[in-house]
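Subject: Structure for your files

Hello,

Here is the structure I said I would pass on. My notes on what was found in it follow below.

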Amino acid sequence: MDGKLRADEVAVTKSILKSTFDMWMDLIDVDVVIVGAGPSGLTAAKYLAQNGVKTVVLERHLSFGGGTWGGGMGFPNIVVEKPADEILREAGIKLDEVIGEPELFTADSVEVPAKLGVAAIDAGAKILTGIVVEDLILKEDKVSGVVIQSYSIEKAGLHVDPITISAKYVIDSTGHDSSVIHTLARKNKDLGIEVPGEKSMWADKGENSLTRNTREVFPGLYVCGMAANAYHAGYRMGAIFGGMYLSGKKCAELILEKLENK
């Protein structure tokens, strides 16, 4: 090795185009599409992928982790409680006990999404950023995939046709916006779907309702995380995230059970 770097422009471009095309050819038909790479979506992806489920996570922004990065009002820590702490420990995330609160732990708001994302990727999930879901594939009264567009194209307001990803199941983990179930309701008013949105903050109530509200809300479509509370008019919680991780894990378990029984 002479230590000299070699970078031919043509070779670089060919490499990017070929690897991207190969990737898309592999992703146009998957088991599960997760929309939103926040805490619940990444958790669901990890548990699905490590059980051999072909999983792709679509995130509109160029980074995953949702609102976790900002901690509480920009302070770089989040809170997680038992038993959800075990999910973070599995991903190698350091937790600090809260003095006087033996059930509560704090975690670094940058470390958490970074390591949880890596855990999902290492398990076999594919995370794509800069992709927005603008519609759903609806066949015979069942959600059968998603209609996707480049987020930059959407932001530019260009009229460019989208492409699709077919899937056995779709998870709405888009957080407070619950954008997937909102899209289904808006485009298919005959289904009679209503999304009341989340209530004001009540941390204890909001945390405990998340796993109860995590479920299949329409054939082929699941909600988890804050999208689940928004769909069921649950309370918001603030910078405590245990319910989000438990919700993602439960969503994965529900889908795994469905797949096993097919």
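A residue counts as buried under 20% relative accessible area, as exposed over 50%, and as partly exposed in between. R236 has a relative accessibility of 34%, so it falls in the partly exposed class. Please keep in mind throughout that this is a predicted model.

R236 is also a position with an annotation: an unreviewed UniProt entry lists it under "binding site". That annotation may be inferred rather than shown by experiment. R236 sits in strand β13, which covers residues 235-236. Beyond its neighbours within four places in sequence, R236 is in contact with H176, M226 and a series of residues that includes E198, K199, S200, M201, W202 and A203.

Overall picture

The protein has nine helices and 13 strands. Its radius of gyration is 19 Å against the 18 Å that the globule rule gives for 262 residues, so the protein is as compact as a globular protein of that length. Along the principal axes, the C-alpha atoms fill a box of roughly 60 × 60 × 40 Å.

Of the 262 residues, 46% are buried. The accessible surface of the protein is about 13500 Å², and carbon and sulfur atoms account for 55% of that surface.

Backbone points to check

Most residues other than glycine have a negative phi, and most peptide bonds are trans.

- K82 and P83 are joined by a cis peptide bond, with omega about 0°. P83 belongs to the loop between β3 (77-81) and α3.
- M73 is not a glycine, yet its phi is positive, near 55°. M73 lies in the loop between β2 (55-59) and β3, and its relative accessibility of 74% makes it exposed.
- A233, also not a glycine, has a positive phi of about 60°. The loop that holds A233 runs between α8 (226-231) and β13. With a relative accessible area of 23%, A233 is partly exposed.

Residues in helices

Where is D85, and is it buried or exposed? D85 is part of helix α3, residues 85-90. Its relative accessibility is 1%, so D85 is buried. Apart from neighbours within four places in sequence, D85 is in contact with V80, L95 and F105.

L27 belongs to helix α1, which covers residues 9-27. At 4% relative accessibility, L27 is buried as well. Its contacts, with residues up to four places away in sequence left out, are V56, K126, L128 and I165.

N213 is found in helix α7, residues 203-213. Its relative accessibility is 10%, which is under the 20% cut-off, so N213 counts as buried. Leaving out residues up to four places away in sequence, N213 touches V223, A228, N229 and H232.

Which residues does K187 touch, not counting residues up to four places away in sequence? They are E134 and D135. K187 itself is in helix α6, residues 179-187, and is partly exposed with a relative accessible area of 42%. The C-alpha atoms of K187 and L136 are separated by 9.4 Å, although the two residues are 51 apart along the chain.

Best regards

Technical notes: Residues numbered from 1 in each chain as written. Predicted model: local features only at pLDDT ≥ 70, side-chain atom pairs only at ≥ 80, totals over all residues. Heavy atoms only, no water. Helix = DSSP H or I, 4+ residues; strand = E, 2+ residues; numbered from the N terminus. Rg over C-alpha atoms; globule rule 2.2 N^0.38 Å. Buried < 20%, exposed > 50% of the residue type's maximum accessible area, 1.4 Å probe, protein only. Areas by Shrake-Rupley, 256 points an atom, 1.4 Å probe, with all protein chains shown as cover. Contact = heavy atoms within 4.5 Å.
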